[in-house]
Amino acid sequence: MHKAYYILTTAPFISKHLDTSNLLEETFNSSAPSNIALVKYWGKTEPQIPTNTSLSFTLNNCLTKTTLMVFKKDIYKDKSDLAVFFEGQLKADFKPKIETFLNRISSYVPFLSDFKLEIHTQNTFPHSSGIASSASGLAALSVCLMQLEKKLNPKISQVYFNQKASFLARLGSGSACRSIEGPVIIWGKHPDVKESSDLYGVKLPFELHPNFNNYCDSILLVDKGEKQVSSSVGHGLMDNHPFANERFKQANNHITDILKVLKTGDLKSFINIVESEALTLHAMMMTSNPYFILMKPNTLQILDKVWEFRAKTNTHLCFTLDAGANVHLLYPQSEKEITKGFIKKELEQLCENNQVIHDCLGLGINIG
Ligand code: PMV
């Protein structure tokens, strides 16, 4: 995206001067879900502009719950400018990431500089489970910030609220912009979705086929360790990647294909696109320089068993992966019983402490 165009298109997200004189202190609550990409975002340019369009399922149970307390700076002189708590504990090590985020978004929320902030956050999924909490965390915080903006400017519409929450979340972590609404979100300009944007996520522009109603996602926690390679380093390695252009083309074609599938309910094609995307993401990691592998031996065993089960039972279980060793298993609600039985019998023991999180498609944020 050209700089001048970026400045022009982001202009609507710069809030005009808002009078903060009547607001001395206030508390805002929100929750935001995690999301799982079916067509993956891998590669970006500044400032957090994706090199290809991505599409995700919003989850229902894996949530970050956030409370934002704001205190007027000139009144609450002895409070610190920013305090971040995670599960009730003051977390000094969380502060630099939040500070970087707040600096990045400062020109869009200038009223924030009148306040000191206290942020309390917790996840409904186990801490250090290997599930990225940056998407849900930054989405929940952005929603609290938008509640503050709405308090100061009650006239803003719900559409603007969600769009700007997604826009702000994107500046914290790209995939976070897909965690505001649900059940299916597209991020990145694509010719097949006229309302799509590089700046924020948008909802699927048509009704999802009933085959996908309450679609299940069981997350197999194969390895809960710290990521060896952060996603920002991973995105950066796409800059000089020998296969980058082909990959970006493929992802954009997959968007065209998966949009058709989400309309027609063709589960066989769904499986083909989703598994191809997961393996291509990891193939990009294995063929970058430096190269790396995030899958573990148990990840591969699970993929093998999924293929075996699918062939044997003629069901529609498929997998996807994010930037780690964990496996997301996707399957229709109508196959829940047989699939959960298989997970319990054959896959649970391949997970760290037998941990599996059962989730499904969800609708996005909650306020209050
Ligand atoms: O939002 P980030 O910068 O953590 O990148 C997320 C990248 C993947 O999870 C691998 C893919 C995606 O689209 O979510």
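Begin by selecting Ser30 and Ala140, where a polar atom of the Ser30 side chain lies 2.8 Å from the backbone oxygen of Ala140. Keep in mind throughout the tour that the model in the viewer is predicted. If you colour the chain by secondary structure, you will find Ser30 in strand 1, which covers residues 25–39. Is Ser30 buried or exposed? Its relative accessibility is 3%, and because buried means under 20% relative accessible area, Ser30 counts as buried.

Next, select the ligand together with the residues around it. The shell consists of 13 residues, and the closest of them are Tyr41, Ser175, Arg178, Ser231 and His235.

Now display the oxygen atoms of the ligand and look at some individual distances. A polar atom in the side chain of Arg178 lies 2.7 Å from a ligand oxygen, while for Tyr41 it is a backbone N or O atom that lies 2.9 Å from an oxygen atom of the ligand. At Ser173 the side chain is again involved, with a polar atom 3.1 Å from an oxygen of the ligand. Taken alone, the ligand would expose 380 Å², and the protein buries 90% of that area.

From here, move to helix 4, residues 158–172, and pick out Ala169 within it. Ala169 is buried, with a relative accessible area of 0%.

The last stop is helix 9, which runs over residues 336–347 and in which Thr339, Phe342, Ile343 and Leu347 are buried. Turn the view until you look down the axis of helix 9, and the buried residues fall within an arc of 100 degrees, so they line one face of the helix. Which residues are exposed on the other side of helix 9? Select Glu337, Lys344 and Lys345, which are exposed there.

How values were computed: Residues numbered from 1 in each chain as written. Predicted model: local features only at pLDDT ≥ 70, side-chain atom pairs only at ≥ 80, totals over all residues. Heavy atoms only, no water. Near = heavy atom within 4 Å. Polar contact = N/O pair within 3.5 Å; in protein donor to acceptor, adjacent residues only side chain to side chain. Areas by Shrake-Rupley, 256 points an atom, 1.4 Å probe, with all protein chains shown as cover. Buried < 20%, exposed > 50% of the residue type's maximum accessible area, 1.4 Å probe, protein only. Helix = DSSP H or I, 4+ residues; strand = E, 2+ residues; numbered from the N terminus. Arc of directions from axis to C-beta.
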